[in-house]
Amino acid sequence: FDLRGRALSPALAEARLQALQARIRPHFLFNSINAVLSLMRQEPRRAEQALEDLADLFRVLMADNRQLTPVVREIELAKQYLRIEELRLGDRLRVEWDIVRVPADALIPPLVLQPLLENAVYHGIEPRSEPGTVFIRISLEGEQVHMLLRNPYRVEGNHHAGNRMALDNIRERLALHFDAEARVRTTASADAYEVLIVIPYVKAGG
């Protein structure tokens, strides 16, 4: 009981969140810089926008991210990340958002969507020669916020180590914020991989 009490103490929980946060680093920096360099002469305004998106993303990655953040900010950060990936993947990456039922005042842990999207692109889009769609739905279901992400999937040749690490990271961060009230469910079919995150509806200012 003493060990459990110390493990759940606020100070240790904050330290654990910081350690988990420090492990979240995008693997796409090198490719992104090359993609921006290729645009500098032909499409300078688009290259400038990409650099602004990249700066915003890394500003969040390097910030103190122990507190919950507005879901609308997470959505904007996710869109910035996807715009960067679209630079190098072009029409191969298609994105579909269903966010009409997003509660604008909801708070969620920071950097939950971005690592999932990074996995979706890396495992679901990059191995394909044909276009693929990443689908994201965020909605309020009763007193819970549901975040569903789906990407193309092929059983053969899939390497899951990085995917499992990101999911384990997210599960632990959700547990530190919400204990047993949050859950993560993954589903793999013949042609699609889904991640569903369910967290309590925490309101800004509540």
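Biologist: Which residue of β7 stands opposite Ala188?

Modeller: Ala188 faces Tyr193 in β7; strands are DSSP runs of E, at least two residues, and helices of H or I, at least four, numbered from the N terminus. This is a predicted model, where local features need pLDDT of at least 70 and side-chain atom pairs pLDDT 80 or more, while totals for chains, interfaces and linings use all residues. Residues are numbered from 1 along each chain as its sequence is written, and side-chain values use heavy atoms, without hydrogens and water.

Biologist: How many bridges join β6 to β7?

Modeller: There are six, and β7 (residues 192–200) runs antiparallel to β6. A hairpin of three residues connects β6 to β7.

Biologist: In what order do the strands lie in the sheet?

Modeller: The order is β2-β4-β5-β7-β6, an open sheet of five strands with mixed pairing (pairing takes at least two DSSP bridges). At the edges, β2 (93–98) and β6 (183–188) each pair on one side only.

Biologist: How are neighbouring strands turned?

Modeller: On average they are turned by 10 degrees against each other, direction ignored (axes are lines fitted to C-alpha atoms, for helices over the stretch in contact; angles run from 0 to 180 degrees between N-to-C directions).

Biologist: Which strands does helix α5 touch?

Modeller: Helix α5 (residues 71–89) packs on the sheet against β2 and β4 (132–141), at about 165 degrees to β2; contact means heavy atoms within 4.5 Å.
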